[in-house]
Amino acid sequence: YRNSRYCPKLDNVILRKNILQDKIKSRNIKLKDFYLVLSQKKLPYRQEFAEIYNKKCAYCGVSYKIESMFEIDHYICKSSFSPGEDAGQLSNLVYSCYHCNRHKSNFKINKLNSTLLNPDTRSINKVFIRTDDYDIQIQKAYRNNDTVQNFYKKLHFSFDLRRLDYLLLCIWGLYTKMKNETDKSMVAEALNLLKERRNVFIDKGLT
């Protein structure tokens, strides 16, 4: 549900995050909270982290080509950790668009569902589906799961902005594959018009 037919699939996310964590740790031996490093946009680690997620939101799938504001999110919120536990390990950090991160906020995911909704594994793709008209919906098998329902509502997955973003993903992907310059120009015009429409959604708070 996070990828259009043109989007590259997420590959070895957990392994690549472990490699990046080791790299950061080798240069910052005393560092325990990796959020402190990844939240700094000027450091190269932020870019490397974004590339692990194909520069797309781990939750909704929107691309940096469409959304300009991305943040680092604590998948399991910091308030869920006991004193002495570290919420800032890379395994708990994900690349998120501004809207998903802010709406998710301090939403608590219980241990039973933490693996199910983890955006770094393929399990989350079994929970949500993208319909033919670009809606994100909960798969039938999980519709009675309260945590899944609340996660869906909290991140505004039912909002029209999610449909528009997916349409933009598809059009952008098509644009990159086109050869005819005249056709590309027409598609580029459509992209710009839809991005303007997207800005209207955001300005009205319909995100």
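Before I show you the rings, one definition: two rings of Phe, Tyr or Trp count as a pair if their centres lie within 6.5 Å. With that in mind, and remembering that this is a predicted model, let me turn to one aromatic cluster, which is formed by Tyr1, Tyr59, Phe107, Phe128, Phe151, Tyr152 and Phe157.

The structure as a whole holds 13 aromatic pairs. Is Tyr59 buried or exposed? Tyr59 is buried, because its relative accessible area is 0%, and Phe151 is buried too, again with a value of 0%.

Phe151 also pairs with Phe128, and here the planes are at 25 degrees with the centres 6.1 Å apart, so this pair is stacked. Since Phe128 lies in strand S3 and Phe151 in helix H7, the pair ties together parts that are 23 residues apart in sequence.

Next, rings and charges: the charged end of Lys55 sits over the ring of Tyr64, 4.9 Å from its centre, and Lys184 lies over the face of Tyr175, at 4.7 Å from the ring centre.

Finally, please look at Pro8, in the segment before helix H1, which is partly exposed, with a relative accessible area of 49%. Leaving aside neighbours within four places in sequence, Pro8 is in contact with Asn3 and Asn54, and although Asn54 is 46 residues away from Pro8 in sequence, their C-alpha atoms are 7.4 Å apart in space.

Note on methods:
Residues numbered from 1 in each chain as written. Predicted model: local features only at pLDDT ≥ 70, side-chain atom pairs only at ≥ 80, totals over all residues. Heavy atoms only, no water. Helix = DSSP H or I, 4+ residues; strand = E, 2+ residues; numbered from the N terminus. Buried < 20%, exposed > 50% of the residue type's maximum accessible area, 1.4 Å probe, protein only. Contact = heavy atoms within 4.5 Å. Phe/Tyr/Trp six-rings, centres within 6.5 Å; stacked < 30°, edge-to-face > 60°. Lys NZ or Arg CZ within 6 Å of the ring centre and 35° of its normal.
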